[in-house]
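Hi,

Here's the structure I promised to pass along.

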Amino acid sequence: MRDIPIGTKGTAALTVLLEHTANRFKDSILPQTFATPMMVLLMENAALNAIRPYLEAGESAVGSAIDVEHIAATPVGFTVTAEAEVTKVDGRRIEFNVSARDGKEQIGRGTHRRMAIDLGRFNERLALKAKA
């Protein structure tokens with residue numbers, strides 16, 4: 001992994017469809033609003049997009065922690081855009097501030113951490129675990 005500058009940003013966007021709503025993930029009586037797990041996914045994708053240019057061939061980064069608030073509801077048809085900004089790099093550990101907006105307002109905010117991994121070693125360890 002090459003050095004990642006503090007302040008590096010990435011984004012990810014998604015148009016909210018019925019399959020992204022809270023009533024599909026949790027309780028069917030909930031309104032058709034953008035689900036928190038989908039917001040988290042979008043924030044994680046924004047973080048990965050921020051650092052992707054700094055990863056070497058055979059490397060990626062996996063989420064290791066997330067602490068977010070989902071502060072506003074978003075109806076079907078809106079486009080949600082998440083942004084992640086690198087705030088700290090400590091070896092393979094990368095920390096981010098994350099946020100999400102739906103075109104009208106901020107709908108989420110928080111922090112996220114990812115760990116850079118060597119995909120070959122990661123897959124070897126995963127295969128060993130599966131055999132055990």
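Predicted model: local features only at pLDDT ≥ 70, side-chain atom pairs only at ≥ 80, totals over all residues.

R101 is partly exposed, at a relative accessible area of 43% (buried means under 20%, exposed over 50%, partly exposed in between, with a 1.4 Å probe and protein chains only). You'll find R101 in strand 4, residues 93–101 (strands are DSSP runs of E, at least two residues; helices are runs of H or I, at least four; both are numbered from the N terminus).

Residues are numbered from 1 along each chain as its sequence is written, and side-chain values use heavy atoms, without hydrogens and water.

I6 sits in the segment before strand 1 (9–15) and is exposed, with a relative accessible area of 56%. Together with M1 and V89, I6 makes a nonpolar surface patch of about 230 Å² accessible area.

M1 turns up again in the lining of the largest pocket, along with E59, V62, R92, A116, I117, D118, R121, F122 and R125. That lining has five nonpolar, five charged and no polar residues. Strand 2 (59–70), strand 5 (106–118) and helix 3 (119–131) each give at least two of the lining residues.

Cheers

Definitions and conventions:
1 Å grid on protein atoms, 1.4 Å probe; cavity = no way out; pocket = protein on both sides within 12 Å on 5 of 7 lines; lining within 4 Å. Nonpolar A, V, L, I, M, F, W, Y, C, P; charged D, E, K, R; others polar. Patch = residues over 30% accessible without salt bridge, like charges linked within 9 Å, V, L, I, M, F, W, Y side chains within 5 Å. Areas by Shrake-Rupley, 256 points an atom, 1.4 Å probe, with all protein chains shown as cover. Salt bridge = Lys/Arg side-chain N within 4 Å of Asp/Glu carboxyl O.
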